[in-house]
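Subject: Structure for your review

Dear colleague,

Please find below the structure that I am handing over to you. My findings follow it.

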Amino acid sequence: MQKFTKTAGIISLTMLGMGGAALADSSDPIKIAINEWTGQHVSAHISGSVLQAAGYDVEYVTAGAVPQFAAIAQGNLHLQPETWGNNVGEIYPKSVESGDIVVLGLTGLEPIESWMYPSYMNDQCPGLPDVNALIECSQLFAAAETFPKGRLITYPADWGTRSKDLVNNAGLPFEPIAGGSEGAMIAEMQSAYKTGSPMLVMFWEPHWVHSEMDFDWVQFPGYTPDCDTNPAPGIYADKTGDCGFKQANISKIVSRDFESHWPGAFKIMQALSIDNGTQNSLLLEIDFNKRELEEVIAEWMGNNEAVWMPWVEASK
Amino acid sequence: MSADTNVSVNLKIWTLRPASVIWLGILGLTLVLLSLREAAPWLISYPKEWVIPIVSVLNTIMAWVVDTTGAFFRSVSAVLDIPMSAVRNLLTWLPWSVSVFILMVVAYAAAGWRLAIFTAISLSYMLVVGLWIESMNSLALVAVSVPLAVIIGFAIGTAGFFYPRAERAIMVTLDALQTIPAFAYLLPILLLFGFGVVVGLIAGILFAFPPMVRNTLLGLRRVPEEVIESGLMSGATQAQLFFRVRVPSAARQILLGINQTTMAAFSMVIIASIIGGSSDIGWEVLSAMRKARFGESLVAGIVIALMAMLMDRITSGFANRKPADEQTTETSFTKRHQYLLITLAGALVLYCASLIFPVLQTYPKTWVYDPSGPLNTAIDYVIIEYAAWIALIKKWAFFYLMLPFKMGLEQVISPFSWGFQFTPTLKIFYGIGALVLMGAAWILGRQNQAVVIGLLAIVLFFGLTRMPWPAIWMIMAYVSWQLAGPRLALAVLGGLAYLLMAGIWPQTLLSIYLCGIGVVLSFVFGTTLGILASEFEPVSRFLRPINDTLQTMPLFVLLIPFVMIFKIGEFTALLAVIAYAIVPAIRYSEHGLRNVPHDVVEAAECMGCTRWQLLMRVKIPLALPEMMLGLNQTIMFGISMLVIAALVGTSGLGQQVYIGLGDGDFGVGMTAGIGMAVIAIIADRMTAAWSAKLQERYTSNPFSSGG
């Protein structure tokens, strides 16, 4: 349970064998934000371990998803390697504009955001994952309070209204119900999965639930920038705003003084990249096989020197 | 509802009381407004163009405050960080064996062996489940915020005592601080003081000092005149009079204030961990909640409940022990400081031992036992085995209770839900039925009940969220007028005007709908349970630990199993509201009934009352003031639960607060937060007035109640 406490740099200097501290520009610890979900813990700890390997002192600090932006903008936190580009609220764009938060580029993760359903629904509704088949089967997903429409769990209200907009624009036979919170959405997914009941939910990947349960993505016609004005793209040829979802970006961000304070670390973080495969395999170990985060990351570091050594090299 | 249900044997059907005439007028006007809803939609949904831009005003003010005073608040934050880090480092550095020992001695000093053993068991639990460091981080926050809150609260309370003019302003501020949901002021604290542990600290202080103020004021005011006079006669100066006479005489009440402050600080510290920065026990609960891990969150939640119970018992132990303690002041140094000496010696021995045996320093990871697995399995079992029952309960609650109240029978009755169509003929029957019931009540002389029946019939038919706002204004204003006169009516109208013009009226109605059903059910079931508990000891013994747990456990924990069983939506939210709001209803009714004077009960028994008569005719009327206080608290708890209930998908003011927090939009969150405070304060004043009215009636002659 001590995953948030400082991990000792076991792997650091010995593995590098060249006294990486020479690289280090300031001896102050680099404070890395830790959010509430495991995927981000993996990204944060990979970043932290690589920085430690290069001789930097790091500290992991728990931070809520919105408060962390205030913290980075104020320089109380320095690094967030996994920033989702949607639902960032107001503080983030303002701080990027003013230069208080510096965006280092994409993390390498490719997020998927769309509606998904448990895989066993494929048997009950042939034609899935196509969205037209889903529309045909909408009553399968109905609940007492939404009948005859299907019940669609959307993101919590504070994450925007994209699902609701799509339902309204395309006139789909679904009743959007706000999910309230991530925990509530997952609780309902687990409950549906265990009882084999139908469920349709707006969700995202990478996320650890995919290592625990089989869910399939609904296939929508792809998003086009002119979707909101041009009726041609999307589910129906005569409606606007009926395309699939615009996909988010995941970026690495640092505080304003990061580059001047730790120029070497800045270059390492610029080079660092984590892909879906890496994160999912580590998530599986941590969330499904219930292993300690530190242990899993240390093991990854040991086996993948070829992956991260070039990032450290990039700092020179 | 109103003054007199005074029923004499002769029925005076045709003597209309003025109040009843006005009520009939209001009912008629409501129906007229409802008939106009097609023609004038603004009667139902207040137009956006008429909304006063409170949100942007608040945001502008906040931006200005942050710009001009940011540096000042940051330096306050830096200063506060010094004691905070010191205590935090100390508590996490101390070997667990030393901390356990010290806390046990403190518990023993406060309340004896039993509490010391309870302390040992609780702390062992924190060690065994592997949450020691997190627990100590939370304890550090409380340990720093409570003394500060106590000092601030004491100072303000004293100021209020000496300057009665300041008192009004103080009371309004306290009401606001205690009713605006904590989530709404996390964001401004973050913006002003910056990120970090200090946010939790300041939130804790803000939330925790009001009870200290109230208790200080009350305590100082209750010091008997004779005591002051004797102080004056023995020639005390003003300062001496205050510190040597007034404060010691008020000590008990002040200590009670410290106890309540501790509990408030603790509950706030948990909520504040949503900001992060402290890796404390609240963060553990939130993380587990986000992952929907019921077992893990319950394990962490129990730690919180245990810590809260410990702090409560220890502080109230000290509060109650005080008078007996005074005799020790004259004895020797060792006698006076025996606990301190024992603590120091024991801590030193254990510290040295921990240097030799590292096991006493850090609790070994291999000894950690995580009981969350079986807990998760238990929930799975319920979901799978009782799926059909669960669906049935939910369907009933939706179709026959929640939806009619929310959207009206007009909308709800359909072949799918009720099994038949709500044809115009049936609607006419519904209207006739309501009129017949009203008429019957009227003939029996119960004109007030007739009015209530009429109101209920209208609301159930059209639905609360589809009522015209002018009708709601009329009804609320007149009820409050009858309860306490024109001043309350004006205040209520002012509050309603804010809710309407701030543009949060639809959310307000949704919140009132959910909270209203929750409060009514909580009060009915809670009072019943309370009556049973007061009559049958085993029921009381069974309920007590459940009540304790529900009140101290962070309710996030309960949300997960509720969602797993009942799915996302309003029904789950309703259950969450009830789970929290039922506790005061049980407690106050049991307490009130048990405290009925013995001589009265004996007298009634001598007169040959049966147990039932004793309860209905004697005990309940006498316990009524306390039960009304229970209703008041039930409403307050229900409202405060709305924000947490929004986590399972409700749309109301609670959700607005999250939208504000999620977007970093101070104005949106604060507007909704103030809205909830307005509802809470209106409800508080109205129930208080109602209670005063009832008390007036019963104290004049407690035995002549009822019909």
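In α17(B), the buried residues are Lys394(B), Phe398(B), Met402(B), Leu403(B), Pro404(B), Phe405(B) and Lys406(B). Please keep in mind that this is a predicted model.

Helix α17 of chain B runs over residues 387-407 and bends by about 45° at Phe398(B), a residue that is also among the buried ones. What do the buried residues of α17(B) pack against? Their partners, in chain B as well, are α18 (409-412), α20 (447-462), α23 (505-535), α25 (556-566) and α26 (570-594). After α17(B) comes Gly408(B), which has a positive phi, near 95°.

In soluble globular proteins, nonpolar side chains tend to be buried together. The largest nonpolar core here has 284 residues, and the members that touch the most others are Leu186(B), Ala576(B) and Val577(B). Helix α28 of chain B (residues 611-645) contributes the most to this core, namely 17 residues. Chain A takes part as well: its domain 1 (12-109 + 249-313) and its domain 2 (112-217) each provide at least three residues of this core. Which residues does Leu186(B) contact, leaving aside its neighbours within four places in sequence? They are Ala203(B), Ala272(B), Ile274(B), Ile275(B) and Leu661(B). There is also a second, separate core of seven residues, including Trp442(B), Ala450(B), Val451(B) and Ile453(B).

The two chains meet as follows. On the side of chain B, 49 residues are in contact with 43 residues of chain A. Helices α7 (182-193), α12 (281-290), α16 (372-385), α17, α25 and α29 (653-663) of chain B each supply at least two residues of the side that touches chain A. The most comes from α29(B), with six residues. By type, the residues on this side of chain B are 27 nonpolar, 14 polar and eight charged.

Finally, I describe chain A itself. Its secondary structure consists of 14 helices and eleven strands. Chain A is as compact as a globular protein of its length, because its radius of gyration of 22 Å is close to the 20 Å that the globule rule gives for 316 residues. Along the principal axes, the C-alpha atoms of chain A fill a box of roughly 65 × 40 × 30 Å. Of its 316 residues, 48% count as buried. Among the contacts in chain A with a separation of 6 or more, 72% are between residues 24 or more positions apart.

Yours sincerely

How values were computed:
Residues numbered from 1 in each chain as written. Chains lettered and ligands numbered in written order. Predicted model: local features only at pLDDT ≥ 70, side-chain atom pairs only at ≥ 80, totals over all residues. Bend = angle between axes of the 7 residues up to and from the residue. Helix = DSSP H or I, 4+ residues; strand = E, 2+ residues; numbered from the N terminus. Buried ≥ 20, exposed ≤ 12 C-beta atoms within 10 Å, placed from the backbone. Contact = placed C-beta atoms within 7 Å. Core = buried A, V, L, I, M, F, W, Y, C linked by C-beta atoms within 7 Å. Domains from an automatic or database assignment. Nonpolar A, V, L, I, M, F, W, Y, C, P; charged D, E, K, R; others polar. Rg over C-alpha atoms; globule rule 2.2 N^0.38 Å.
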